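Me: I would like to go through the labels attached to this model and ask what each one rests on. Please set the values against the cut-offs.

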Amino acid sequence: MTRDEGLDLLRQLARARALGRHVGSDRLIQAGLDALLAEVDSPSLALLAGLGRREEHEAQGLFDHVVHELRLGFESPAHPIAAKWALASWLAAQIVDGFLDPATGADLIWGEVARELDYPDRLQPIVELAIQLDDWNADWSTPLEQLKEEVLVAARALVEPGGPETNL
């Protein structure tokens, strides 16, 4: 892992937390260790990376310090609708960047965003694919990988410039 990749990992976890996603302490500690090994440096990073099981309860607070020290913070939009659109865009970007399986990402967008926003038109392609993926079985004529590829295409459309959050 390069230094830039280590910083990006920390940035992604900070954004996930800011958008209300749960990130386990074990994952924060591992990210801290990965970043430290990639030569990312901050006063609290070594402390985070060195936490043991009995100290996991300290990980959330130390991670916040690392984010502050490295200026990686992300503030979720205050308006609830804008925050949901930010979550949808972030999840779609995670799919596009290969950090999130397309089926899992489509399901999260469907369940955590589209329902809350009353199924907006802009999310319909991903919602329809999420439903198909949820019902999919090996007897279908459409291969699973094709549905996942269609989610990837829909996710790309969602994160293109002029995406949904500009429509508020």
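Reply: To begin, Arg-11 has a relative accessibility of 38% and counts as partly exposed. The model is a predicted one.

Me: Why is Arg-11 called partly exposed?

Reply: The label covers values between buried, under 20%, and exposed, over 50%. Arg-11 stands at 38%, so it is partly exposed.

Me: What makes the contact of Asp-8 and Arg-11 a salt bridge?

Reply: A side-chain nitrogen of Lys or Arg has to be within 4 Å of a carboxyl oxygen of Asp or Glu. For Asp-8 and Arg-11 the N to O distance is 3.7 Å, so the pair qualifies. The two residues are three apart in helix α1, which puts about one helical turn between them. Asp-8 is partly exposed, with a relative accessible area of 27%.

Me: How do you know that Arg-17 and Asp-64 form a salt bridge?

Reply: Their side chains meet at 2.7 Å, N to O, and the limit is 4 Å. Arg-17 belongs to helix α1 and Asp-64 to helix α4 (residues 59-70), so this pair ties together parts that are 47 residues apart in sequence. Arg-17 has a relative accessible area of 24% and Asp-64 has 41%; both values fall between 20% and 50%, so each residue is partly exposed.

Me: What makes Glu-112 and Arg-21 a link between separate parts of the chain?

Reply: The side chains of Glu-112 and Arg-21 meet in a salt bridge of 2.6 Å, N to O. Glu-112 is in helix α6 (residues 102-114), while Arg-21 is in the loop between α1 and α2 (25-37), so the pair ties together parts 91 residues apart in sequence. Glu-112, at 27%, counts as partly exposed, as does Arg-21 at 23%.

Me: How many salt bridges are counted?

Reply: The count comes to four.

Me: Which element gives the most to the lining of the largest pocket?

Reply: Helix α1 does, with six residues. The pocket holds about 320 Å³ of space. It is lined by 16 residues, and those closest to its centre are Leu-13, Arg-27, Trp-90, Gln-94 and Phe-99. By type, the lining has nine nonpolar, three polar and four charged residues.

Me: Which element gives the most to the lining of the second largest pocket?

Reply: Helix α5 does, with five residues. This pocket has a volume of about 190 Å³. Its lining includes Arg-11, Trp-90 and Gln-94.

Note on methods. Residues are numbered from 1 along each chain as its sequence is written. This is a predicted model: local features need pLDDT of at least 70, side-chain atom pairs count only at pLDDT 80 or more; totals for chains, interfaces and linings use all residues. Side-chain values use heavy atoms; hydrogens and water are left out. On a 1 Å grid over the protein atoms alone, a cavity is a set of points where a 1.4 Å probe fits but cannot get out, and a pocket is an open set with protein on both sides within 12 Å along at least five of seven lines; lining residues have an atom within 4 Å of a point. Grid points are joined across faces, edges and corners, and a volume is the space filled by probe spheres set on the points. Helices (H or I, at least four residues) and strands (E, at least two) are DSSP runs, numbered from the N terminus. Ala, Val, Leu, Ile, Met, Phe, Trp, Tyr, Cys and Pro count as nonpolar, Asp, Glu, Lys and Arg as charged, and the others, Gly among them, as polar. Buried means under 20% relative accessible area, exposed over 50%, partly exposed in between (1.4 Å probe, protein chains only).
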